[in-house]
Amino acid sequence: MYNETYKLSNGVTIPKLGLGTWLLDDEQAEKAVCDAVSIGYRHIDTAQAYMNEAGVGRGIHSCGVARDELFITTKVAAEAKTYDAVMHSINESLAKMKLDYIDLLIIHSPQPWQEFREENRYFKENKEVWKAMEDAYTTGKVKAIGLSNFLHDDVENILASCTVKPMVNQILAHVSNSPLELINYCQNKDILVEAYSPIAHGAILDHTEVKIIAEKYGVTAAQLSLRYDIQLGLVVIPKTANPDHMRINAELDFVISDADMETLKNVEAIQNYGEHSFFPVFGDKNKIN
Ligand SMILES: NC(=O)c1ccc[n+]([C@@H]2O[C@H](COP(=O)([O-])OP(=O)(O)OC[C@H]3O[C@@H](n4cnc5c(N)ncnc54)[C@H](OP(=O)(O)O)[C@@H]3O)[C@@H](O)[C@H]2O)c1
């Protein structure tokens, strides 16, 4: 998987597999980046909110692979909803990682986390945020720009007035919870979809039906879940600090049959993301409970 890539709408190449770093502190992130790169990963996903950009940056500089062979994504804080706040955020990310440019910069959420999926949609503010993203793009601070957690109408809002179209939308997408309509909509607009929490933040590992199908292919539930996303045409960014898991998560050289893909789209939805269920990104599911 290490060498497999997609092309973004602006021609930039992005590895299909990346390393997620959420909940790793600076020290853990530095080590994870070095381990992952030595194993073969070339794509790292961080965010201002993860408070580990400094550690990720140290990993980038000490891993022994040239900067231009790596693909680094970071995210503007969900709370930054003015032009100046976004510019400040970008400059801070560059300074913390000690980088001249970021490969992919995305807006972490259409709304501040406190108001995630609530009534105020921040349409006007996100147009201003997008203007700052476009300016960072045209001045070369970032090679590609995109969105995260944007729903259909959030994306429409940006498309209605942008001069540079978003190149990605990073959303929650894993077996049992893949928003197929949103994925199709983005893909039809030439927006690459990235799957975050592609192994359901770990919860897919205990899913009985998924485990049975995984056994049929001689793979783990994590591998099946990652391969499922890849077959939907998505980028996957599984998080792990464990080098064995990093290797296993890249061993996706098998094909899920069309029939099993259909089954996996419809398996019982995961409602419980464990001890981290309280995070807004998993919140909608919990409200169903
Ligand atoms: N844009 C957003 O709003 C957003 C939201 C959530 C996440 N993300 C991004 O997406 C990344 C991934 O999502 P995530 O961290 O929520 O969850 P995830 O990648 O779906 O799952 C991570 C969990 O699975 C375990 N794991 C990983 N590989 C494994 C394997 N082969 N076998 C067994 N266990 C395995 C990890 O434990 P070990 O460490 O022990 O391996 C960890 O507990 C994040 O790190 C972040 O970069 C973005």
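Reader: Which residues lie nearest the centre of the largest pocket?
Author: In this predicted model, local features need pLDDT of at least 70 and side-chain atom pairs pLDDT 80 or more, while totals for chains, interfaces and linings use all residues. Residues are numbered from 1 along each chain, and side-chain values use heavy atoms, without hydrogens or water. A pocket is an open set of 1 Å grid points over the protein atoms alone where a 1.4 Å probe fits, with protein on both sides within 12 Å along at least five of seven lines; lining residues have an atom within 4 Å of a point. Of the 33 lining residues, those nearest the centre are W22, L23, S197, H201 and K239.

Reader: Which helices each supply at least two residues of that lining?
Author: The lining comprises 17 nonpolar, 13 polar and three charged residues. The helices (DSSP runs of H or I, at least four residues) that each supply at least two are α9 (243-250) and α11 (280-288).

Reader: Which residues of α10 does α8 meet?
Author: Helices α8 (residues 221-231) and α10 (residues 258-265) pack at about 105°, their axes 11 Å apart, and are therefore roughly perpendicular (65 to 115 degrees). The contact (heavy atoms within 4.5 Å) involves four nonpolar residues, one polar and one charged. From α8, L224, Y228 and Q231 meet M261, L264 and K265.

Reader: How far apart in sequence are the parts that R58 and E30 tie together?
Author: The structure holds 11 salt bridges, each a Lys or Arg side-chain nitrogen within 4 Å of an Asp or Glu carboxyl oxygen. One of them joins R58 and E30 at 2.9 Å, N to O. R58 lies in α2 (residues 53-62) and E30 in α1 (residues 26-39), so the separation bridged is 28 residues.

Key:
Nonpolar A, V, L, I, M, F, W, Y, C, P; charged D, E, K, R; others polar. Axes fitted to C-alpha atoms, helices over the stretch in contact; angles between N-to-C directions. Parallel < 35°, antiparallel > 145°, perpendicular 65-115°, else oblique.
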